[in-house]
Amino acid sequence: MISQMKIEQSDIQLIIDKVMERLDNINVDTNSSDRIGVFDDPIEAIKAAKKAQKKLFRFTLQQKKDITDSIRKELLEHVEEFAVEAVKETGMGRIEDKIEKNKAALSQTPGVEDLRAGVFTGDAGLTLLEMSPFGVIGAITPSTNPTETVINNSIGMICAGNSVVFSPHPGAYKITNRTVELINKAIQKAGGPANLVVTIDNPSMEKADVVLSHPDINMLVATGGPGVVKSVLSSGKKAIGAGAGNPPVVVDHTADIEKAVDDIIMGASFDNNLPCTSEKEALVLDDVFEYFMFCMKDHQKTYVVEDKKIIEDIRKLVILENGNPNKNFTGKYASYILDKVGIQVDDSVRLIVMETDFDHDFVQEELMMPILPIVRVANRKEALEKAILVEHGNRHTAICHSKDIDFLSAMAKEIQTTIFVKNAPSFAGIGIGGEGYTTFTIAGPTGEGLTSASSFTRKRRCTLVEGFNIK
């Protein structure tokens with residue numbers, strides 16, 4: 001079990017008290033227009049970022065590394081603040097899990113080592129392949145991972161030689177802008193230029209449109225739902241889009257069922273199911289279905305709903321009449337949702353579980369709530385077919401619990417997701433408890449996959465004919 005699950009509920013109030021005391025001492029005015037890197041006018045923000053990028057362009061790789069090392073070090077002292085304030089402002093997620101996500105963003109986001117040059121040599125001479133910055137990047141950030149996305153993008157974009165203008169989600173702009181302030185202080189502490197990372201105060205659609213359309217913005221990066229991804233893709237600029245997912249998890253008859261249940265609960269309840277990588281529905285083979293459900297019922301962190309009336313009551317609560325998820329319950333605690341249908345449990349219950357049909361709204365819609373529908377399937381062929389269908393072509397994330405390497409390989413090949421996790425919680429796919437680096441911008445729609453510093457570069461080619469060929 002990884003570290004984020006080791007924070008006891010009794011410790012959370014101590015964290016909150018500590019952070020609130022720190023905030024009282026620093027007395028930050030979130031409505032101020034003169035904070036470092038925070039601009040009310042998006043045009044002024046873009047001007048400042050452009051000026052800073054021109055200075056950064058002349059920095060060496062070591063100087064860029066010094067800047068991002070300073071960000072990693074300085075912001076590590078604020079991960080508890082970020083978690084508490086993000087939950088407070090957005091009303092979504094779990095403090096202990098957000099702490100882990102921020103730590104991962106700071107420690108496991110790739111740096112300048114991700115910028116690998118290439119070379120061709122032969123009879124005709126030498127050709128050098130290099131990565132260069134785009135310039136000023138406009139980045140739209142979500143309310144689900146507001147601080148993590150800013151940290152992750154800032155490190156990667158700076159290493160690539162860019163400056164960035166963040167257009168924060170209106171529901172999380174205060175903590176987003178606080179994060180940008182601290183990043184700027186860390187940059188300047190390392191000798192970097194002011195306003196290398198900037199953000200928009202009091203955000204609106206009109207201000208976001210300025211960022212999307214401004215001629216000095218050379219590249220756009222959007223982390224969010226289908227609407228925001230569509231906006232950047234129709235901008236006419238180079239765009240990276242990180243869209244929605246509806247990750248299925250398949251459990252077959254060869255799986256270690258008890259471990260699978262533990263892993264699925266941890267993954268599906270992580271930050272109250274806010275990550276788009278989290279397990280959203282489970283497809284379980286009939287041969288092991290009863291034991292799987294027994295283990296779910298026996299688990300201290302789940303509440304299994306068997307009464308069909310209560311399942312319907314929950315559906316009416318969290319699904320609107322138009323069929324869309326009710327955002328008032330996005331990222332809320334399982335106990336909060338259950339309380340609304342007359343069931344009282346404490347906050348240690350992390351996940352609501354029930355058996356449903358494949359066509360149920362809980363299966364077909366990405367709820368981003370700690371609700372996990374379980375669908376019984378006859379065999380692995382049906383499981384794979386339904387997993388592909390319910391993933392809706394997002395090509396985002398899928399998970400499988402099986403000891404059969406042939407089936408694991410077949411599912412990985414057939415489902416074609418950006419992330420495929422085998423026999424582990426979903427978050428292993430973004431480097432939390434699994435090998436590999438961390439990102440919070442998973443670009444399935446535009447194909448970059450798990451973004452890193454090299455994703456934010458232009459590929460350039462320099463050819464020297466009949467020179468430096470020493471074969």
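Q: What share of the contacts in the chain with a separation of 6 or more comes from residues 24 or more positions apart?
A: In this predicted model, residues 24 or more positions apart account for 75% of those contacts. A contact here requires heavy atoms within 4.5 Å.

Q: How many of the residues of the chain count as buried?
A: Of the 471 residues, 57% count as buried, the cut-off being under 20% relative accessible area. The chain exposes about 20000 Å², and carbon and sulfur atoms supply 50% of that area.

Q: Why is asparagine 153 called buried?
A: Buried means under 20% relative accessible area. Asparagine 153 has 1% relative accessibility and therefore counts as buried. This residue is found in helix H6, which covers residues 146-159.

Q: Which residues does asparagine 153 touch, not counting those up to four places away in sequence?
A: Asparagine 153 touches Ala139, Phe166, Val221, Thr223, Thr441 and Phe456.

Q: Why does asparagine 177 count as buried?
A: Its relative accessibility is 0%, and the limit for buried is under 20%; asparagine 177 therefore counts as buried. Asparagine 177 has its place in helix H7, residues 173-189. Leaving aside residues up to four places away in sequence, asparagine 177 touches Arg35, Val38, Pro168, Thr199, Ile200 and Asp201.

Q: What makes a set of residues a nonpolar core, and which members of the largest one touch the most other members?
A: The members must be buried residues of the nonpolar kinds, joined through side-chain atoms within 4.5 Å. The largest nonpolar core has 99 residues, of which Ile71, Leu75, Phe292, Met296, Ile374 and Met411 touch the most other members. Helix H10 (residues 257-269) gives the most to this core, with 7 residues. Apart from it lies another core of 18 residues, including Val318 and Met369. In soluble globular proteins, nonpolar side chains tend to be buried together.

Q: Which residues does phenylalanine 292 touch, not counting those up to four places away in sequence?
A: Phenylalanine 292 touches Val251, Ile257, Val261, Ile264, Val284 and Ile374.

Technical notes. Residues are numbered from 1 along each chain as its sequence is written. This is a predicted model: local features need pLDDT of at least 70, side-chain atom pairs count only at pLDDT 80 or more; totals for chains, interfaces and linings use all residues. Side-chain values use heavy atoms; hydrogens and water are left out. Buried means under 20% relative accessible area, exposed over 50%, partly exposed in between (1.4 Å probe, protein chains only). Accessible areas come from the Shrake-Rupley method with a 1.4 Å probe; for residues, only the protein chains shown count as cover. Helices (H or I, at least four residues) and strands (E, at least two) are DSSP runs, numbered from the N terminus.
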